[in-house]
Amino acid sequence: MTTLLGFDYGSQKIGIAVGQTITQNANPLTTLRNHTGKPDWSTITQLINEWLPAALVVGHPFEMDDQEASNAPAAKKFARQLAGRYGLPVHLMDERLTTREAWYDLGKEAIQDFTKVDSYAAKLILQTWLTSQP
């Protein structure tokens, strides 16, 4: 069994999910707030040490017309930072419509606690990556 962490990067918050290769399922883990525009590296390090992932998956923002979204450069920079800090393989996964699907799937739960949306979107990103692997 191989464990992976998935990330839904945003300038204000980062949703994180955990998944594994046997069942190809992922689960929401947490949502972290960025501090002065920078990821909460301390908590990310704690999660890496706790879950010992073999790889990381970061959402790659695209628009519906297949063009990169305006926040794609920041997400790709975050992916490069993860690879540099932790020496793990980092995969980019199209995250198109994951936040919208998260709001839909969570329904009232999302309205009561909107921070769940980001970790749920990370779950969708990671699960999509897991099921796309041979």
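Tutor: Buried residues make up 44% of the 134 residues in this chain. The model is predicted: local features need pLDDT of at least 70, side-chain atom pairs count only at pLDDT 80 or more, and totals for chains, interfaces and linings use all residues. Residues are numbered from 1 along each chain as its sequence is written, and side-chain values use heavy atoms, with hydrogens and water left out.

Student: What makes a residue buried or exposed?

Tutor: Buried means under 20% relative accessible area, exposed over 50%, and partly exposed in between, with a 1.4 Å probe and protein chains only.

Student: Why is strand β2 called largely enclosed?

Tutor: Eight of the eight residues of β2 (residues 13-20) are buried, so the strand is largely enclosed by the rest of the structure. Lys13, Gly15, Ala17 and Gly19 point one way, Ile14, Ile16, Val18 and Gln20 the other way, and all are buried. Strands here are DSSP runs of E, at least two residues, and are numbered from the N terminus.

Student: What makes β3 a partner of β2?

Tutor: Eight bridges join β2 to β3 (residues 25-33), again antiparallel, and Ala17 stands opposite Pro28. The two strands form a hairpin with four residues between them, and Gln24 in the turn has a positive phi of about 60 degrees.

Terms used:
Two strands pair if DSSP finds at least two bridges between them.
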